[in-house]
Amino acid sequence: MITTVNLAVLLLSLSFCRGLKHNYIDDYEVVEVEEEDQDRDLVFQPSKHGSLWPLPQKVQISDVSFKLMGSSFKIVDARQSSAGPSCSLLQDAYRRYYEYMFGSAKRQQPYKSKRTGPTELTELQVWITSPDSECDGYPSVTSNESYELSVDQPFAVLKAPTVWGALHGLETFSQLVYEDEYGTKSINSTQINDFPRFAHRGILLDTSRHFLPVKVILANLETMAMNKINVFHWHIVDDPSFPYLSRTFPQLSRQGAYHPYTHVYTPADVKMVIEWARLRGIRVIPEFDTPGHTQSWGKGQADLLTPCYSGAKPSGTFGPVNPILNTTYDFMKLFFGEISTVFPDAYVHLGGDEVDFTCWKSNPDIQKFMEQQGFGDDYSKLESFYIQKLLEIVTATKKGYMIWQEVFDNGVKLKPDTVVHVWIGGGSNDEMGRVTAAGYTTILSAPWYLDYISYAQDWQKYYKVEPLNFNGTEAQKKLVIGGEACLWGEYVDATNLTPRLWPRASAVAERLWSAKDVTDINDAFNRLSMHRCRMVDRGIPAEPLFSSFCPREYKGI
C-alpha cells in the first residue's frame with residue numbers, strides 16, 4: 001500500500017566531513033561509526049507499512065481505501081465490551097484520538113439524510129474482551145497490552161483484552177489515517193495483530209539537575225503514548241536539587257529545592273502526573289537514589305549525610321548518607337513509607353550507583369564502625385550494609401524495587417523479584433549475562449543514553465541495538481523485560497528536552513515493541529520521517545532526521 005501522504009521526497013546528501021568519528025560508550029554497537037555511514041543511501045520512499053511506528057507484529061494493508069469524515073465518524077464501545085460509557089479512561093481516549101485525526105473543532109452535525117457513501121468508514125468499535133477491563137486500575141509489568149484491529153466495512157473493530165491494549169490500538173488506528181492534497185482523509189482496509197516484544201519500555205527524565213515544569217512532563221507523557229512507551233522513570237531528586245515536596249519531611253524541598261515554591265512538585269502535581277500517565281497506559285516509577293547522589297537531601301535533614309574530615313577536623317563538607325546511625329534508618333522508614341502510598345506502581349527505583357567512598361574513608365567514626373564490623377578497608381561492604389538495610393525497609397512497604405547494576409555487582413543480598421538496571425557501557429553485554437545467570441530480572445539502558453548527542457543521524461545507532469545480544473540461555477534471555485532510554489539533565493531543561501528526546505527515543509520505542517527481525521534501516525527511516533511529522537502536527541517539537549519538511553510545520557510557542 002502506497003499512501004498518498006503529501007510529504008516531500010527527502011533528498012539526502014553525503015556532504016559531511018569525511019573521516020570524522022565518534023567513539024560510542026557501549027558494546028552493543030560497532031565502536032566507531034563514521035558520520036557519512038549514517039546517511040548513505042537513505043532516500044525517502046513511502047513504506048508499504050505507511051507511517052506505522054512502532055511497527056506492529058503482524059500487519060496486512062490492502063489497496064482498498066475508505067473515506068473518513070469528521071462529521072460522521074465516531075469511536076464507540078462495542079455492545080459486547082466489558083467497558084462502557086462509565087470508563088472515563090476510554091472515553092477520554094476516544095475524544096483525544098478523534099482530535100488527533102480531525103482536529104479540535106467540534107464535531108459537525110451530519111447531513112439530514114445521514115446517508116454515507118459505500119466507500120466511507122463511519123465507525124470504530126472498541127471491544128474489551130476480558131470481564132475485567134482494568135479501566136479503573138493502573139498498568140503494571142504484567143498488563144496485557146495486546147490488541148487486534150480490523151479496518152473494513154461496515155465498521156472497524158478494535159479488540160483488546162484490557163484497556164491498555166485498546167489504547168495502543170487507538171494510536172495504531174490513528175496512524176493508519178492519511179490525507180490527500182485536498183485534505184480528504186482516508187484509511188485502507190487493514191488487519192493487525194499486535195503485542196509488545198518487551199513488557200518494560202521506558203524513558204528516564206531527570207528533574208533534579210534542571211527542574212522540568214509539570215506541563216513539560218505531561219507533554220512528554222503524551223508523546224510517550226504516541227510511541228507506545230509504557231514506563232516513565234522519574235529521576236525526581238539528586239545532588240543538585242530536591243524538588244519532591246514530602247508531606248512527612250517538607251523541609252527536604254524547602255531547603256533542598258532550587259526554590260521552595262516555584263521549583264517543587266507538590267502532592268497535587270505528583271498526583272496529576274500519575275493520573276495523566278495512567279490515562280495513557282504509562283507506569284510512573286519514581287527513583288530516590290541513595291546513599292550517593294544525596295547532597296540535596298542533607299540540606300533539609302540534619303545528620304543524614306556523613307561529615308567529611310580533613311585530617312583530624314571536619315572539613316565542613318558532606319558525603320553520602322551516613323550508614324552507621326540508627327536515625328538514618330528511622331528517617332528512611334518514614335520517608336519510603338510515604339513514597340509507597342504516593343506512588344501506586346508496584347516498584348520503586350532505589351538507585352545505588354556511583355557511591356564515592358572518599359568521605360567515608362576520612363571519617364573516624366566510620367573507620368571505627370568498619371573495624372567493629374570486620375569490614376577491613378573494603379568500603380563496598382559498608383555500602384552493602386546500608387543497601388541491605390534499605391532493601392528491608394522498602395520490602396516492608398510491600399513494594400518491589402529496581403536498582404542500578406552496582407548494587408548487584410557489590411554482592412548485596414537481593415530479593416528474587418529485584419529488577420537490575422544495567423547502565424554502564426563498555427561491558428554491558430557481559431553484565432547482562434552475569435545478572436541473568438544469577439536469576440534476576442533485568443532492564444537495559446547502557447546503549448540508550450540520549451543525553452550523549454552527536455552530529456548526523458544518531459537515532460540509527462539506538463535503533464540497531466539488539467537487547468538480547470549477549471551470551472546466555474533462552475531462560476536467561478526471558479529475564480530481560482525491556483529497557484529504558486535515559487535523558488539526564490546536566491544540559492537539558494524545558495527549552496530543549498522535547499526535541500532532544502524525540503524522535504531519537506522513538507528508535508528505542510520500536511526496538512522494544514516490534515519483532516526482533518524488524519531491522520530494515522531504510523524502511524525505518526521512511527516510517528520514522530512520517531511519524532516525526534505526525535508528532536510535529538500534534539504539537540510536539542520533534543527534531544528532524546535530516547533535510548526535509550513536514551506538510552504542517554511546528555508553529556512554535
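**Entry 1: a helix pair**

I began with helix α3 (residues 214-226) and helix α5 (residues 267-278), whose axes come within 10 Å and cross at roughly 10°. Angles under 35 degrees count as roughly parallel, so I recorded α3 as roughly parallel to α5. I note that the model is a predicted one.

I then listed the residues that meet. From α3 they are V214, I217, L218, L221 and E222, and from α5 they are D269, M272, V273, W276 and A277. Sorted by class, this contact of α3 with α5 has eight nonpolar residues, two charged residues and no polar ones.

**Entry 2: the chain as a whole**

I next looked up the overall figures. The protein chain contains 17 helices and 19 strands. Of its 557 residues, 58% are buried. I also looked at contacts between residues at least 6 apart in sequence, and 74% of these join residues at least 24 apart. The chain exposes about 23,800 Å², and carbon and sulfur atoms supply 52% of that area.

**Entry 3: the disulfides**

How many disulfides does the structure hold? I found three. Counting bonded cysteines along the chain, I read their pattern as 1-2, 3-4, 5-6.

I took C87 and C135 to begin with; their sulfur atoms are 2.0 Å apart. The link of C87 and C135 is right-handed, with 105° about the S-S bond. C87 lies in the loop between β4 (74-77) and α1 (88-102), and C135 in the loop between β5 (123-128) and β6 (147-151), so this pair ties together parts that are 48 residues apart in sequence. I recorded both C87 and C135 as buried.

I turned to C308 and C359, which form a disulfide with sulfur atoms 2.1 Å apart. Their link is left-handed, at -115° about the S-S bond. Because C308 sits in strand β13 (residues 305-310) and C359 in helix α8 (residues 358-362), the pair ties together parts that are 51 residues apart in sequence. C308 and C359 are both buried.

I ended with C533 and C550, joined by a disulfide with an S to S distance of 2.1 Å. The link of C533 and C550 is left-handed, with -85° about the S-S bond. C533 belongs to helix α17 (residues 521-537) and C550 to the segment after α17, 17 residues apart. Are C533 and C550 buried or exposed? C533 is buried, with a relative accessible area of 10%, and C550 is buried, with 2%.

**Entry 4: one further cysteine**

I also looked up C486, which is buried with a relative accessible area of 0%.

Key
Residues numbered from 1 in each chain as written. Predicted model: local features only at pLDDT ≥ 70, side-chain atom pairs only at ≥ 80, totals over all residues. Heavy atoms only, no water. Axes fitted to C-alpha atoms, helices over the stretch in contact; angles between N-to-C directions. Helix = DSSP H or I, 4+ residues; strand = E, 2+ residues; numbered from the N terminus. Parallel < 35°, antiparallel > 145°, perpendicular 65-115°, else oblique. Contact = heavy atoms within 4.5 Å. Nonpolar A, V, L, I, M, F, W, Y, C, P; charged D, E, K, R; others polar. Buried < 20%, exposed > 50% of the residue type's maximum accessible area, 1.4 Å probe, protein only. Areas by Shrake-Rupley, 256 points an atom, 1.4 Å probe, with all protein chains shown as cover. Disulfide = S-S within 2.5 Å.
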